[in-house]
Structure formats: structure tokens, C-alpha cells
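The sequence and the model come next.

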Amino acid sequence: MSGLRVYSTSVTGSREIKSQQSEVTRILDGKRIQYKLVDISLDNALLDEMRTLAGNPKATPPQIVNGDQYCGDYELFVEAVEQNTLQEFLKLA
């Protein structure tokens, strides 16, 4: 798979995860950065894929990947936005 992907879930009881997912997509949309949303709730294989790419068997969405390169999770994403290094974080620069 190529391109920027945001692993998320449409089925969660966690307000925190919902909030983080919507903030990531809102920022990417606002900056007109194209990405594909991957809903891990549709298939356990997608959950496994996300966790393998993140290198963490307990990783939760949102997780961000560009091609086969892992970019990071929500905390790293927000840090990159605050430090104005989002292009580098997303491996677009």
C-alpha cells in the first residue's frame, strides 16, 4: 500500500480515541493533505496490520503510516503540528 494512511475505528466506546481520530483528520483536511482512512473495526487483519506497523501489540488508533513507513501515533502527530514539522513527520518532505 502506498500513500498516507490513518488507522482509525468507527466502533469505540472511548471518547478519547474518537476525539483524537477526529482531530487528526480535521488537521489533515485543513492542510489539504490527502490520506486514506483505514477502519480497523471492519477486519481483525487491519488491526493486526496497524499494530505490526506500529511495532506495538497494544497500539490503539489513531496510528499514521506513509507507505510502509510508520509515522507515529496521536501524541507524536500533535507534537509535529505544534513544532511545525508535520511534513517531515508524515514523511512527505
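## Order of elements

Read from the N terminus, the elements of the protein chain follow the order β-α-β-α-β-β-α-α. The chain has four helices and four strands; helices (H or I, at least four residues) and strands (E, at least two) are DSSP runs, numbered from the N terminus.

This is a predicted model, in which local features need pLDDT of at least 70 and side-chain atom pairs count only at pLDDT 80 or more, while totals for chains, interfaces and linings use all residues. Residues are numbered from 1 along each chain as its sequence is written, and side-chain values use heavy atoms, with hydrogens and water left out.

## Overall dimensions and surface

The C-alpha trace of the protein chain spans about 35 × 30 × 20 Å along its principal axes. A compact globule of 93 residues would have a radius of gyration near 12 Å, and the protein chain, at 12 Å, agrees with this. The radius is taken over C-alpha atoms, and the globule rule is 2.2 Å times the number of residues to the power 0.38.

Of the 93 residues, 42% count as buried; buried means under 20% relative accessible area, exposed over 50%, and partly exposed in between (1.4 Å probe, protein chains only). The accessible surface comes to about 5700 Å², and carbon and sulfur atoms hold 46% of that. Areas come from the Shrake-Rupley method with a 1.4 Å probe; for residues, only the protein chains shown count as cover.

Among contacts with a separation of 6 or more, 61% are between residues 24 or more positions apart, where contact means heavy atoms within 4.5 Å.

## Nonpolar cores

A nonpolar core is a set of buried Ala, Val, Leu, Ile, Met, Phe, Trp, Tyr and Cys residues joined through side-chain atoms within 4.5 Å. The largest has 15 residues, and those with the most contacts inside it are Val-24, Leu-28, Ile-64, Phe-77, Leu-86, Phe-89 and Leu-90. Two or more residues each come from β1, α1 (15-30), α3 (74-82) and α4 (86-89). The largest share, four residues, is from α3.

Beyond its neighbours within four places in sequence, Leu-86 contacts Ile-27, Lys-31, Ile-33, Phe-77, Ala-80 and Val-81. A second, separate core has nine residues, including Ile-40, Leu-47, Ala-54 and Ala-59.

Ser-8 is in strand β1 (residues 4-8). Ser-8 counts as buried because its relative accessibility is 7%. Not counting residues up to four places away in sequence, Ser-8 touches Gln-21, Leu-37, Val-38, Asp-39, Ile-40 and Pro-61.

Pro-61 is joined to Pro-62 by a cis peptide bond, with omega about 0°. Pro-62 is in the loop between α2 (44-54) and β3 (63-66).

## Exposed positions and positive phi

Arg-15 lies in helix α1 and, at 76% relative accessibility, counts as exposed. Gln-34 is in the loop between α1 and β2 (36-39); its relative accessibility of 73% also makes Gln-34 exposed.

Arg-32 lies in the loop between α1 and β2. Although not a glycine, Arg-32 has a positive phi of about 55°, and it counts as exposed at 75% relative accessibility. Asn-84, in the loop between α3 and α4, is not a glycine either and has a positive phi of about 60°. Asn-84 is exposed, with a relative accessible area of 67%.
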